[in-house]
Amino acid sequence: MSQHASGLSASGEHASLSSLPTLRVAVLGAGTVGGEVLRLISQQADELAHRVGGRLEVIGVAVRDLDRDRGEHVPAALLTEDAASLVHDADLVIEVMGGIEPARTLLLDAMAHGASVVTANKALLAQDGATLYEAADIHGVDLYFEAAVAGAIPLVRPVRESLAGDRIQRVLGIVNGTTNFILDAMTRTGASFDDALATAQQLGYAEADPTADVEGHDAAAKASILASLAFHSRVRLSAVHCEGITTISAQDIAAAARMGRTIKLLSIVERIEEEDGERISARVYPALIPEEHPLAAVAEAYNAVFIEADAAGSLMFYGQGAGGSPTASAILGDVVSAARSRVHGGVGPRESRYAELESIPLEELRSAFYISLTVEDRPGVLAEIAGTLSGYGISISTIHQELLEQEEGSDEPAQAHIGISTHRALESAMTASLDVFSSTATVLSIDSVLRIEGE
Ligand code: NAP
Ligand code: HSE
């Protein structure tokens, strides 16, 4: 920081902006989010200076391609390929480049040189948040990451600060906009997964390589961050059970609608109280939820999250979980907090992991299920399926059967689709039943296995 002067004069009036100290800000990345961060910093420079009590001076912007024109808010003179030198000179580093390396090394280096860090990098936080937290602690700097979970929606701050005096039981929500857009399009139009994904890509919601979104990895990274904060434990990405939406078919969507339900990719983190203590679960999977559930109405690429806490009760957060400008809003909030600490002293929240709760393996959880099978249509098949389920203690809630059309004159055995929803049962019991079905001659295929939530 180049100068130390209070934002308030001795008489308590606001000092002129020119007398405020200057904070040197390095921005790593000038893509979708970085470009918007730079626009907001430049357009709101005076207001931000008043709010912080210091001026934010962008000293450089690290990119890969120096030649690309990035518009008026990203002056070419600030661009550099030398991110490593840039972070050595900064009071505050905003990391919006993404990926694990070189982002991790740059942030550790920045903190070692005394800079506070604001990052949107959920992948890095989920994979190696512990190292970043430790570095922030050792070097007495701040680490903020509101934008890493659900874009513009304030979620990290409520969980780690506003609810720090409460006891969070559960966080459940839609934290990936791309998959919500795809599932919403499939629900509204009856489109297949592939067609809905292609539409999402044409409209710029899904990336050319959509793997991180559609396989659930992005949502799992966010679940790992939320679970760690909510339960004061380090919940590693490897402890988050993750299933994506690539296997969801138009038939699944239609079956859900027939049952008065809709399919959403949910991130669920919860505290599970047991006789001899408590454990936690963090998981991401597509699930059927009732059409009247508030999450069912979350359309397009929006995100929504419920938090259940002992004293606060239920809280719902809703808004834009992605996009340059919404994500930049969350980053600027963090920038103001980190910059205020630099100007006025103090440190932001540190890692809280005193509880060190263990994760419960998925097999030990109980869920209600919807399973869909293609079977031979002959006497005894349904009884056989029901017998297998009941043998593993699984109670059927509803059954729907539909005969499949057969070619005229075919002497192949007739086939039927059977859709079964169950009451809550152990995951391990369902896995065992499915193992039996996969070796049962009359069960021709297991078409879907989905959980039912929100009832
Ligand atoms: P992006 O559009 O791909 O931009 C990445 C930027 O980082 C580009 O300017 C790129 O330079 C630069 N960059 C990448 N690797 C670099 C390297 N090794 N050295 C120097 N510069 C490098 O990505 P984004 O969508 O803005 O996302 C940035 C971060 O925000 C990610 O962590 C992402 O997960 C997170 N985030 C994004 C959103 C969203 O809606 N996009 C929402 C929440 C969080 P070039 O321009 O020269 O290629
Ligand atoms: N790809 C993410 C989404 C945005 O679709 O929600 C960044 O978190």
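In this predicted model, the protein chain carries 31 positive and 64 negative charges, whose mean positions are 7 Å apart. Lys and Arg are counted as positive and Asp and Glu as negative, with His and the chain ends left out; each charge is placed at NZ of Lys, CZ of Arg, CG of Asp or CD of Glu.

The accessible surface of the chain is about 19800 Å² (Shrake-Rupley method, 1.4 Å probe), and carbon and sulfur atoms hold 48% of that surface.

The chain contains 14 helices and 17 strands, taken as DSSP runs of at least four residues (H or I) and at least two (E), respectively, and numbered from the N terminus. The C-alpha atoms fill a box of roughly 90 × 55 × 35 Å along the principal axes.

Polar contacts (pairs of N or O atoms within 3.5 Å) include the following.

| Side chain | Ligand 2 atom | Distance |
|---|---|---|
| Threonine 178 | oxygen | 2.5 Å |
| Aspartate 213 | nitrogen | 2.9 Å |
| Lysine 222 | oxygen | 2.8 Å |

On its own, ligand 2 has 260 Å² of accessible area, and the protein covers 83% of it.

Residues are numbered from 1 along each chain as its sequence is written, and chains are lettered from A and ligands numbered from 1 in the order written. Local features need pLDDT of at least 70 and side-chain atom pairs pLDDT 80 or more, whereas totals for chains, interfaces and linings use all residues; side-chain values use heavy atoms, without hydrogens and water.

Notes. A polar contact is a pair of N or O atoms within 3.5 Å; within protein, one must be able to donate a hydrogen and the other to accept it, and residues adjacent in sequence count only if both atoms are side-chain atoms.
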